[in-house]
Structures are given as structure tokens and as C-alpha cells.
Amino acid sequence: MAYKMRIVATALASVSLAFPALADDEKIVVGFATAESGFMEAYDKPAQEAAMIRIEEINAAGGLLGKKIEVVKADTKSDRAEGAKAGLSVLDEGADLVVVSCDYDFGSPAALAAEDAGQVSFFLCAESVKAGIQGVGPHSFSASVLAPVQGATMAEWAFKEKGAKDFYRLLDTWTVYNKGICDGFDWMMPKLEAQGAKLVGEDTFKNEDASIAAQITRIKTLPKEPDAIMLCTMMPGAVSAIKQLRAAGINSMILNGSGVDGSYWLSAVPDLSNFYVPVQGSIYGDDPSADVNKFNTVYKEKTGAEPSSQYVYPGYVMIDVWAKAVERAGTTEADAVVAELEKMKDEPTLFGTRTFTPELHHQNKARYLIVETKAGKPGVVGEWTISEPVPMEAILK
Amino acid sequence: MSAVSSATETSLTGEVIAAKKQARFALARKTIVTPILLSLLLIAITLITVMTGSRPFNQTVIDVLVRVIFVVGLYIFIGNSGVLSFGHIGFTCLGAYAAAWLTINPIMKSSALPGLPDWLLQTRLIYWQAAILAALFAGVAALIFGKVLMRLSGIAASIATFAVLAMINTIYSNWDSVTGGTSSVVGIPIIRTIWPYLIGAVAAIFIAWAHAISRSGLALRAARDEPTAAAASGVDIPKERLVAFVVSGAVMGLGGALMAHSIGVVTPDTFYLSLTFITLSMLVVGGMGSLSGGVIGVVLLSALIQALRWMEGGVSLGDATFALPKGIQEIALGVIMIVILALRPSGLMGNREITLTRSNRNT
């Protein structure tokens with residue numbers, strides 16, 4: 001009998017949990033419809049921790065519009081159908097901002113649910129243009145920078161700062177992110193060619209390819225080793241590709257997207273050198289901004305480890321810009337907040353500036369720090385902002 | 001004298017035959033209780049959902065109804081023919097993408113999917129019209145594949161259906177201009193009211209029932225149980241299997257279209273191994289040879305998954321909050337499925353259907 005009562009109690013508790021929370025004007029709710037389990041957790045968790053740090057800072061400073069920010073969470077289980085449910089469930093709990101998974105494919109169901117309900121949604125660190133107006137709707141934003149900006153930044157920086165003339169383009173066709181990096185590179189290249197650079201060849205491979213020997217042979221048969229190889233790829237295949245390139249004796253500069261940032265994999269390619277990655281902030285303790293280094297310490301205190309890659313930072317930026325927009329609008333009402341966000345032009349944040357327009361809720365231009373890995377040790381060697389924003393045609397390609 | 005007696009005999013035999021031969025629709029009348037009861041079950045679940053007014057719960061039940069369509073679709077072929085198919089989720093994929101092609105705003109379509117033929121680029125249908133066309137499209141695809149595959153039987157047929165799944169998945173993952181490749185296709189109108197899904201599930205149940213009691217369905221079940229005898233009695237096994245394959249392909253296509261409208265995004269990897277195995281296990285746990293088994297399997301396993309998820313999220317009992325570790329849901333589900341199959345190897349329902357009377361063997 002007691003057992004039965006317990007079941008009934010459990011059932012009642014579950015039902016009451018499922019009921020929508022009554023709107024409460026005393027608090028502002030941020031809903032995280034992100035992955036707490038499954039493979040996306042590795043991407044979502046760090047950025048979410050960073051977001052939590054910003055929320056705690058705001059609450060410690062007296063809250064937003066005089067109200068405390070509360071956090072509700074729902075697990076997407078790295079599954080699209082569960083993502084839609086997670087989005088709906090944080091909305092039912094009164095979320096004023098719906099934070100969704102890093103990746104467009106996995107975040108979009110929850111973002112679409114928020115869009116449907118007329119609420120603001122933010123992708124933690126998606127770098128596809130679809131993560132915003134183009135793929136979700138007018139209330140959706142991304143906290144990171146478009147992938148094409150990374151490719152364009154690396155090409156221009158290598159040409160202008162490193163004097164690279166002969167470029168080679170090596171694309172891993174696995175994801176839209178990879179293609180995005182190379183799209184940015186492709187847009188930048190003609191401009192550089194007008195100034196004396198040259199694209200000496202291009203090739204593709206697949207992330208899962210065990211060997212890229214054929215591609216390497218084609219690079220080796222070039223009359224002269226290219227100055228720089230634009231490598232548009234991501235983990236896990238990136239490590240194997242880099243290792244094979246170096247093992248074959250190709251010592252060209254390797255230019256990458258932000259996806260390969262982090263030192264966790266460097267032991268697989270000992271003494272890697274001449275390797276360059278664009279990052280929004282440095283996790284290596286040598287960021288030119290003292291505030292970033294301070295953030296890294298706070299992050300370590302809170303989570304017990306240093307940030308594993310630069311993808312931690314957009315989470316912090318996201319809450320930062322959203323809170324500013326809410327403060328300026330004087331309300332959490334979605335349209336007013338969106339209007340304030342769209343007014344942001346070169347809004348300073350801890351990790352570079354942010355600009356949102358009614359056409360693009362994403363960054364088509366950004367300051368990047370360039371991290372060079374030298375003899376297996378990564379460190380910041382410079383920074384670069386592309387000379388002009390990547391145009392819509394190149395982003396939408 | 002003899003003439004008279006022979007006349008009587010003839011008329012007697014006639015009467016006997018007439019008595020033995022069932023009236024038209026007698027079988028339908030005898031068995032219609034099953035789909036009605038199953039539909040009532042789904043309607044009851046839907047009504048409760050609508051009454052709670054919770055949006056995530058609503059979405060969960062939509063998911064359940066979509067899975068009912070999938071599993072019923074599987075049952076139509078697997079249950080009646082006895083051939084295990086791993087390929088049906090391929091038809092779901094076809095249906096989902098067809099729905100996407102037909103319902104996305106033409107402006108978005110021409111930039112995201114430029115490879116579509118012009119007439120399709122210009123088309124924009126209401127979701128239910130698109131769902132019907134998607135079902136037909138999947139049915140036609142099933143007809144083409146089935147024409148070849150249905151000549152095979154046993155494990156060869158199962159593996160061949162798996163090959164179909166792999167083929168569809170590879171094509172849809174790589175034909176960038178038409179399917180968007182591995183990236184998500186967006187812009188599909190999202191339908192969050194539960195009724196269309198209920199109608200879809202009920203329609204699937206009635207289609208499955210009508211097929212099962214049709215001449216073709218009965219012949220196919222005879223062939224499943226006694227292939228040699230059935231063939232000797234004039235049953236054209238490949239043909240009957242093909243009929244079931246096409247009907248079930250169309251139902252899977254309908255399910256795919258509705259799934260697309262429930263999430264608003266389609267990608268090829270949604271329609272691959274994990275969906276194949278979860279739907280197959282729901283059918284197997286419920287009872288492969290029974291329509292009721294399929295529906296009950298989905299409802300039970302979904303309820304179980306939901307309950308475990310709630311427990312993962314934490315349930316407060318008095319002052320203490322009781323929560324299972326994350327990820328336990330998948331493990332517990334596996335264990336429960338093993339237990340059910342160990343105790344009832346032919347599934348919860350076996351070959352039986354739910355009816356009001358006790359003589360409920362499904363023949």
C-alpha cells in the first residue's frame with residue numbers, strides 16, 4: 001500500500017512538474033535547452049559553464065533590472081527530437097532567453113520552438129549562418145563568429161603578416177563548418193591574388209579517411225612546397241591529417257579554423273610547429289587582455305580545469321550581450337530585446353566586439369587572436385581583423 | 001426417385017456451403033473491435049495530454065503518435081510476412097524529405113535546395129496534402145525496391161532491406177543540391193497541435209487492420225506460417241509480400257512526413273540506425289505478429305522512457321529529491337527489454353490481438 005502511495009505521489013509530482021510555471025515578474029529566467037548527456041555535451045557544457053559565470057556575476061552585482069536571473073535546464077540528450085522537447089520545456093518554465101546547443105543541427109529544434117513562442121534564442125557557439133535569422137527566424141542569434149571569417153582571417157593574416165604567397169586549400173567535406181572555413185578562404189583569395197598571392201592547388205578529403213596519402217602525394221608533386229596550407233577540417237580527423245602532412249615532410253604553414261584549438265590533442269603530433277589557429281580568446285594564459293586571463297582563473301576555480309578550447313568564451317559573451325540589451329530595453333520582452341541587440345555595433349565584450357544587424361545575427365567580421373604552435377607549445381603571436389566583412393554571398397554559399 | 005434424392009442432395013450441399021461461407025464483411029465485423037480499441041487508447045492518451053496543457057508533454061505524445069505510425073508501418077510488412085526488415089526507416093526518410101520539398105517556402109527552397117526541379121521549387125502545399133503525397137512517394141519507392149527484394153526470403157531479404165536503408169541514407173547524405181547533404185533542411189512548417197498526429201496514427205492502424213483482413217493479408221499470413229502449403233494452394237508469395245511492402249512503405253512515408261512537421265528540421269542521420277532499432281525493438285517487445293502488440297509496445301516503451309527521464313531529472317519525495325544518474329535511461333530500458341523478452345519471447349502480445357471477447361487468436 002505504501003508502495004502504491006509512493007507511485008501515486010511520484011506520478012502527481014511528475015505531473016505537477018510538467019505543468020507550466022506561472023509567470024513570475026520577480027525574476028528573469030534563462031533556459032538552457034542544451035546537451036547534458038551524449039556527444040554534444042562535450043561542446044555545450046564548457047560554454048554553458050562560462051554563461052553561468054556571467055550570470056553569477058550579474059546576480060552578484062544586483063541582478064538584471066533589479067531582478068535575479070534564474071536558470072532552468074532541460075537535457076536535449078544530443079538528440080533532435082529531444083531538443084524540441086527541451087526547448088518547449090524551458091519555455092514552459094518561463095524562459096525569457098532560450099540557450100540552445102552549440103551546433104546548428106542539434107540546437108535548431110529548440111531554437112525553432114523558441115521562435116515559435118516568440119522568444120529570443122541564442123546558440124552557444126554555432127558558426128553557421130543558419131544559426132540565426134536565416135535558419136531559425138528573427139529572434140535567433142549566435143554568440144560565436146561565422147566560420148568563413150576564420151578562413152578569411154587566416155588567409156589575409158598569413159599573406160600580410162607572414163608573407164605567404166603560394167596557398168594550398170585542403171578541405172574535409174564532412175561538415176558545413178569545414179566548408180564554411182574554406183568558403184571564407186575562397187572569398188578572400190581573389191583579393192590576395194590581386195596583390196600577388198597564388199592558389200597553387202586544392203584538394204578534398206573526408207574526416208574519417210584513415211589515410212590522406214593521395215592528397216599528400218599531390219602536394220609533394222607541386223614544383224615547390226606551398227607557403228601555406230589552408231586546412232578546413234575539425235576533430236577528430238584533423239589530428240590524423242596534420243600528423244600525416246608533417247610525417248610526409250611537408251613543412252608549410254598550416255592554417256586552420258578555431259575548431260582545432262586546444263592543447264589536448266597536441267601530444268599526438270609531437271613537436272608540431274608552424275601551425276596557426278584563430279581564437280577569440282587565449283586559453284593558454286597569455287591573452288593580451290588581463291580580464292581574459294582573470295576569467296580563465298575564475299573558470300578553473302569553478303570547474304576545476306582550465307578552459308579546454310576557445311569555445312568556452314562565446315557562452316560568456318552571449319549572456320553579456322543579452323543582459324546589456326535587456327538593460328537597455330528595460331524589459332525582457334523579446335521584440336524589444338531583439339531591437340536593442342540589433343542596435344549593437346562593435347559592442348565591446350571580454351572576447352572581442354559584437355555587431356548584430358536586422359539582416360545578420362552573427363559576426364561577419366571579428367578580431368581574432370592568432371595562436372601559433374611552435375615545437376608543440378601553443379601561444380598567441382598576434383591578432384588580426386579582416387579588412388572588410390565577409391559579404392552575404394560568401395556566407396550563404 | 002433417384003432424381004429427386006439427388007436434387008435434394010445438391011440443394012443440401014448448397015445450403016451447407018452457404019452456411020460455411022461467411023457473409024460478406026463477417027471477418028471485418030469480427031475483428032474491427034481491435035483497431036477501434038487501439039484508436040480509443042490513443043484518443044484517451046491524446047485527451048489527457050490536451051488537458052494537462054503542458055507543451056513539452058504535448059511534444060512527447062506527438063513523438064509517441066509518430067512512433068505508433070512507424071511501428072504500425074513495420075508491422076504491416078514484418079508482422080504479416082514474417083520477414084524482418086531493417087530498411088523501412090529508409091522510406092521514412094523519403095517521406096520526410098518529400099514533405100520538406102513540398103512545404104518549404106519557395107524562396108528558401110531555391111537557395112537551400114537549388115537542384116530541385118522547377119515545378120517542385122514553385123510548389124508549396126499545406127502540410128496534410130504534402131503528407132499524403134509523401135506517403136504516395138514512399139509507397140512508389142517501396143514498389144520499385146520491393147519488386148526486386150520480395151523475391152528473396154529469410155535472412156537474405158532482411159540484409160537486402162538493410163542495404164536499401166544504407167543506400168537511401170548515402171544518397172540523401174551526399175546529393176547536396178537536392179537534399180542539402182548532411183546539413184539540416186530547415187523551414188518546414190512546424191505543427192504543434194496534436195490532432196493531425198492522432199489522425200495519422202489512427203489512419204495507420206485502420207490501414208494495417210484493413211490490409212491484414214484483406215485477401216492479400218490473409219494469404220500473406222498463410223505464407224508466413226506455412227510457405228509450402230500456401231504456395232501449393234496458389235498463393236503467389238512474392239506478390240503478396242510486395243503488396244504488404246508497398247502499403248507499409250507508404251505508412252512509413254506518412255510517419256516520416258509527420259515527423260518532419262513535428263521537429264521542423266530533417267537530416268539524413270535522423271533516419272538511420274538508431275531510429276531503425278528503437279522502432280524494431282518496440283515492435284518486438286510488443287509482439288511482432290500482432291497489431292495490438294505494435295501499438296502497445298510503443299505506448300509502453302515510450303511511457304517507460306518518459307518515466308525514466310523524469311527520474312533522471314529528479315523527483316522530489318517529501319524533502320528528499322531522488323534522481324537517477326544521467327544516462328541510466330538507456331541502460332534501464334535495455335534491461336527491461338531483455339526481461340520482457342526472456343519472459344515472453346514472442347513479445348507482450350504474442351500473436352494475439354486485444355478484443356472484447358476471449359477467443360482472440362489472430363489467424
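**View 1. Helix H3 of chain A meets helix H4 of chain B.** A:Ala81, A:Ala84, A:Lys85, A:Leu88, A:Ser89, A:Leu91 and A:Asp92 in H3(A) contact B:Arg55, B:Pro56, B:Gln59, B:Thr60 and B:Asp63 in H4(B). Contact here needs C-beta atoms, placed from the backbone, within 7 Å. By class, five residues of this contact are nonpolar, three are polar and four are charged. Ala, Val, Leu, Ile, Met, Phe, Trp, Tyr, Cys and Pro count as nonpolar; Asp, Glu, Lys and Arg count as charged; the others, Gly among them, count as polar. This is a predicted model, in which local features need pLDDT of at least 70 and side-chain atom pairs count only at pLDDT 80 or more, while totals for chains, interfaces and linings use all residues. Residues are numbered from 1 along each chain as its sequence is written, and chains are lettered from A and ligands numbered from 1 in the order in which they are written.

**View 2. H3(A) and H4(B) cross.** The axes of H3(A) and H4(B), residues 55–81 of chain B, come within 7 Å and cross at roughly 160°. Axes are lines fitted to C-alpha atoms, for helices over the stretch in contact, and angles run from 0 to 180 degrees between N-to-C directions. H3(A) and H4(B) are therefore roughly antiparallel (under 35 degrees is roughly parallel, over 145 roughly antiparallel, 65 to 115 roughly perpendicular, the rest oblique). Helices (H or I, at least four residues) and strands (E, at least two) are DSSP runs, numbered from the N terminus.

**View 3. Chain A touches chain B.** Here 28 residues of chain A contact 26 residues of chain B. On chain A, helix H1 (2–18), helix H3 (80–92) and helix H4 (104–116) each supply at least two residues of the touching side. H3(A) gives the largest share, eight residues. The side of chain A divides into 15 nonpolar, six polar and seven charged residues.

**View 4. Chain A has domain 1 and domain 2.** Domain 1 spans 2–145 + 294–354, and domain 2 spans 147–279 + 367–396. These bounds come from an automatic or database domain assignment. The domain centres, taken over C-alpha atoms, are 32 Å apart. Nine residues of domain 1 and 13 residues of domain 2 make the contact. On the domain 1 side, two are nonpolar, six polar and one charged.

**View 5. B:Leu42 sits in helix H3 (residues 33–52) of chain B.** B:Leu42 counts as buried because it has 21 C-beta neighbours inside 10 Å (20 or more other C-beta atoms within 10 Å is buried, 12 or fewer exposed, in between partly exposed; C-beta atoms are placed from the backbone). B:Leu42 touches B:Leu65, B:Val68, B:Leu198, B:Ala201 and B:Val202, not counting residues up to four places away in sequence.

**View 6. Helix H12 (residues 215–225) of chain B has buried residues.** They are B:Ser216, B:Gly217, B:Ala219, B:Leu220, B:Arg221 and B:Ala223. Their cover includes H4, helix H11 (195–213), helix H13 (227–232) and helix H14 (237–263) of chain B.

**View 7. Loops of chain A hold A:Pro236 and A:Asn274.** A cis peptide bond joins A:Met235 and A:Pro236, with omega about 0°. A:Pro236 lies between strand S8 (228–232) and helix H9 (237–247). A:Asn274 lies between strand S9 (253–255) and strand S10 (275–279). Phi of A:Asn274 is near 60°, a positive value in a residue other than glycine. With 16 other C-beta atoms within 10 Å, A:Asn274 is partly exposed.

Key. Contact = placed C-beta atoms within 7 Å.
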